[in-house]
Amino acid sequence: MSHFVMVSRHTAESCPMNNGKTRQIALDAMAALPELAKKYGIHVIGSWSVNPEHLTVQVFDAVNLDTVLKFSMEPALLKWWSLNTSEIKPATTFEETIKLLQ
């Protein structure tokens, strides 16, 4: 399994804190996330919001990037992520990085 970080930004206008339509889309995506992660064999390590900056960060453990991309294209999640500019990047833990450095 590998780690992947998804960083997403949305506008103030599309922020679920300020917009009832996108609020429901965000709530639906959050509700669908656990079952869809299970479907793709993805472990959601964590999800965080930096509300004043309209930023979300999610960390996944998955077999490969292709699996994360397929997962992110599920309709319930895609509705939310289509309101964001997102990047998915492979990541390593500090422990893994130390091993690479030694």
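Me: Which residues of helix 1 meet helix 2, and which ones do they meet there?
Reply: From helix 1 they are Leu-33, Leu-36, Ala-37 and Tyr-40, and in helix 2 they meet Thr-67, Lys-70 and Phe-71. Keep in mind that this is a predicted model.

Me: How do the residues of that contact divide into nonpolar, polar and charged?
Reply: Five are nonpolar, one is polar and one is charged.

Me: And what about the axes, at what angle do they cross?
Reply: The axes of helix 1 (residues 20–40) and helix 2 cross at roughly 140° and come within 10 Å. The crossing of helix 1 past helix 2 is right-handed.

Me: Why give both an angle and a distance?
Reply: Because two packed helices are described by the angle between their axes and the distance between the axes.

Me: OK, stepping back. How many helices and strands does the protein have?
Reply: There are four helices and four strands. Along the sequence they follow the pattern β-α-β-β-α-α-β-α.

Me: In what order do the strands sit in the sheet?
Reply: The order is 2-3-1-4, in an open sheet with antiparallel pairing. Strand 2 (43–50) and strand 4 (85–91) are the edge strands, each pairing on one side only. On average, neighbouring strands are turned by 15° against each other, direction ignored.

Me: What does helix 2 touch on the sheet?
Reply: Helix 2 (residues 65–72) packs on the sheet and touches strand 1, strand 3 and strand 4. The direction of helix 2 makes about 155° with that of strand 4.

Me: Now strand 1. Over how many bridges does it pair with strand 3?
Reply: Eight bridges, in the antiparallel sense, between strand 1 (residues 2–9) and strand 3 (residues 55–62). Ser-2 stands opposite Ala-62 in strand 3, and Ser-8 has Thr-56 as its bridge partner there.

Me: How many bridges with strand 4?
Reply: Strand 1 and strand 4 pair over seven bridges, again antiparallel. For His-3, the bridge partner in strand 4 is Ala-91.

Me: Back to Ser-8. Buried or exposed?
Reply: Ser-8, which lies in strand 1, counts as buried because its relative accessibility is 1%, under the 20% cut-off.

Me: Which side chain does the Ser-8 side chain make a polar contact with?
Reply: With the side chain of Ser-86, at 2.7 Å.

Me: What else does Ser-8 touch, leaving out residues up to four places away in sequence?
Reply: Besides Ser-86, Ser-8 touches His-54, Leu-55, Thr-56, Trp-81, Asn-84 and Thr-85.

Me: What does the C-alpha trace span?
Reply: About 50 × 30 × 15 Å along the principal axes of the protein.

Me: Last one. Among contacts between residues at least 6 apart in sequence, what share join residues at least 24 apart?
Reply: That share is 68%.

Note on methods: Residues numbered from 1 in each chain as written. Predicted model: local features only at pLDDT ≥ 70, side-chain atom pairs only at ≥ 80, totals over all residues. Heavy atoms only, no water. Pairing = 2+ DSSP bridges. Helix = DSSP H or I, 4+ residues; strand = E, 2+ residues; numbered from the N terminus. Axes fitted to C-alpha atoms, helices over the stretch in contact; angles between N-to-C directions. Contact = heavy atoms within 4.5 Å. Left-handed = near helix turned anticlockwise from the far one by under 90°. Nonpolar A, V, L, I, M, F, W, Y, C, P; charged D, E, K, R; others polar. Buried < 20%, exposed > 50% of the residue type's maximum accessible area, 1.4 Å probe, protein only. Polar contact = N/O pair within 3.5 Å; in protein donor to acceptor, adjacent residues only side chain to side chain.
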